[in-house]
Each structure stands twice: as structure tokens, then as C-alpha cells.
Amino acid sequence: MRAMQLDEVGAPLRPVERPLPRPGPGELLIAIAACAVCRTDLHVVDGDLHGPLPIIPGHEIVGRVVEVGEGENPFAVGQRVGVPWLGRACGRCRYCREGMENLCDAPLFTGFSRDGGFATHTVADARFCFAIPDVFEDVEAAPLLCAGLIGYRAYRMAGDAHRIGLYGFGAAAHLLAQVALWEGKEVHAFTRPGDASAQAFARSLGCQWAGTSGEAPPAELDAAIIFAPVGALVPEALRRVRKGGRVVCAGIHMSDIPAFPYADLWGERSILSVANLTRADGTAFFDIAARIPIRTTTTAFPLSEANEVLELVRRGQINGAAVLIPENPSLRSS
Ligand SMILES: [Zn+2]
Ligand SMILES: [Zn+2]
């Protein structure tokens, strides 16, 4: 198999060839058709998150099963599957037992603590993979596996808010805006200063308002979801939500949150974070995503350009989501 591997934090990913891995009991060997690039991959490469090295990043994988490990398995050879960030949860800790496997004490995360999808092949625990609805092509489906379903978890954490602000209009926001609009909500998109193209993109999807993150929206928000990794947006968003409103932090890493007056939190406003996903989130999200159906905006690149793509994600220069295509020889016949 071929892969782009992280050997050392801060170093560029290195193209490598490795022997094809074999699936263990309950696992799948998957030939990868597409893997989307997430800001979390950037946090792994930059060392904002510390995991074992070397590692193959990538946790928004769509591919086809080429080999099934021993034991019970919900998938068969040839079937299309998606592999998300939560690669495995222990099933035994108090969080797993209480239906909060997203908070598992001993998880494995795809592309972080087990090898991920910047590759031609990967091995995944079948119990944590998803069947992908037929309405989505491989490339369209890839961003749904993190931007979509962790974004959806964040969206549900916003409660029954009607007027929602999305801070950072990238891969996740462009998907969640479609869910919110489909459910009859009002969506206000906040972008980096001067990012006219992201603002135009947001309006083209039907967002009622788009502006810069320092700007006041035309009306008070019921909730805000912060997708950008910028801590200063927390007090900013807090000042834009009504009494009782929520500010949901959807990213895995954020710069420090600056101090702010207690008066901005007063009035039963709350700040919360979203961590990872449960399999139930994934099932619920794919169901609604197929019914809408969500349209993902993607730009595809060859796997070998992973380093260049990470740089574009860092600079916010991708409308929608970037997707790596490994040009897998074992998928050519299918
Ligand atoms: Zn657990
Ligand atoms: Zn992600």
C-alpha cells in the first residue's frame, strides 16, 4: 500500500510504501476511494494534539471492503463503508456503558491513534464503520464522516435554537447550514475578515446573512456554533447570543479563550464543547443527510499532494471540503 505518513511533528508528510495490513478479528481491510481533509489533521501534523508516531492521518474515509477479519462482521467484501474519527471505544468504561462512547476513557481515533486514510488502504474496526447512503458519490460522502457528523452533534447541542450563528464557514459549516435551513432555521455565517468568497458561498447556500466575525448580526442569535479554532470567538459569540443562549465549541483544539466580563455570561447563557461522536450520531446524521440530500462542495486532489492541501486548509483557502484521492489500483475494476 501507499500512504502519506507523519514521522515527526511539524515535518511534511512523507510518501511511503508499506506491506498491505491484514484485518484482525472484527476488522475490515478497506481499499480507499476518497479521504477528506479536516482541520484536526492539521492539529495532528502541527502537534497541537499529541499521539503516537509515525501515523497516517485522515479520518473521513470512504472505501470498499476487500477483506473481512474473522468473527462476526456487519460488512461483506465489496461493500462501501465510511470510517470516522472514532475508530474504537472500549465498551467497558463508565462513559461507554452510559451511552457516551464519544467520551470513552480508552478510545482509538482514526488517523491519530491508529492509522487513517491518507493512503490506498486502511484497516478499521467494522463495528465503528458506517454504510454510506447510495445518493452520495465517494468524494461527496467523505466530508460527511467528520465535518458532517461531528458538526451534526454540535448542531444538536445547540438545542432548539431558531436563529443560529456559524463561526468559521468551512467544511463543517457548509454542511450544517444545509441541515439547519432544511429544518426551517435561520442561519447567520461569520467568516474571517475580508473573506468575501466564503460569505458569498454561505449566501449561495441560503444563509440569511453572512459577514465578518467581529460584526454584529442583524438580530440576536439563539445559539452560536464555533468551528474556527480561535478562542477569541467564544466571548465574541457570547455577546451575540440572547439570554439563555448557547455557544457551542465544535473543534478539538482552540487557542486560549481570553478573559471576559461575567455580565456577558450572565442571563443563563452557556458555553459548551463537543467531543468526538457516537455511532448513534453517525446513524442519525446519515439518515437526515440522505433525506435532504446534503450537497457537499468538494475539491479533489491526488493523495501525493496531501502536504499542499494541508497548507490550503491552514490558510482557509478551500471552499467546502478538500478530498484526497489515492487512485487506488484495486478499485479500478469496480
Ligand atoms: Zn470506553
Ligand atoms: Zn475531523
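Here is a short walk through this predicted model, one selection at a time.

**Stop one: the zinc ion.** Select ligand 2, the zinc ion, and show the side chains around it: C38 (SG), H59 (NE2) and C146 (SG) coordinate the metal at 2.0 to 2.2 Å. Along the chain, these donors follow the spacing C-x20-H-x86-C. Now pick out H59 and C146, which link distant parts of the chain, 87 residues apart. You'll find H59 in the loop between α1 (39–46) and β4 (61–68), while C146 is in the loop between α3 (138–141) and α4 (147–157). Are these two buried or exposed? H59 counts as buried because its relative accessibility is 0%, and C146 counts as buried too, at 7%.

**Stop two: the nonpolar core.** Next, select F118, L166, F169, V179, I225 and F285. They have the most contacts inside the largest nonpolar core, which has 97 residues. Then colour helix α5 (residues 171–182), which gives the most to this core, with 8 residues. Zoom in on I225: leaving aside neighbours within four places in sequence, its contacts include A154, Y155, A158, L166 and V248.

For a second, separate core, select A224, L233, L238 and V247, which are among its 15 residues.

**Stop three: D195.** Finish in the loop between β11 (186–191) and α6 (196–204), where D195 sits.

Technical notes:
Residues are numbered from 1 along each chain as its sequence is written. Chains are lettered from A and ligands numbered from 1 in the order in which they are written. This is a predicted model: local features need pLDDT of at least 70, side-chain atom pairs count only at pLDDT 80 or more; totals for chains, interfaces and linings use all residues. Side-chain values use heavy atoms; hydrogens and water are left out. A nonpolar core is a set of buried Ala, Val, Leu, Ile, Met, Phe, Trp, Tyr and Cys residues joined through side-chain atoms within 4.5 Å. Buried means under 20% relative accessible area, exposed over 50%, partly exposed in between (1.4 Å probe, protein chains only). Helices (H or I, at least four residues) and strands (E, at least two) are DSSP runs, numbered from the N terminus. Contact means heavy atoms within 4.5 Å. Donors are N, O and S atoms within 2.8 Å of the metal (3.2 Å for Na, K and Ca); water is not among the atoms, so sites may look incomplete.
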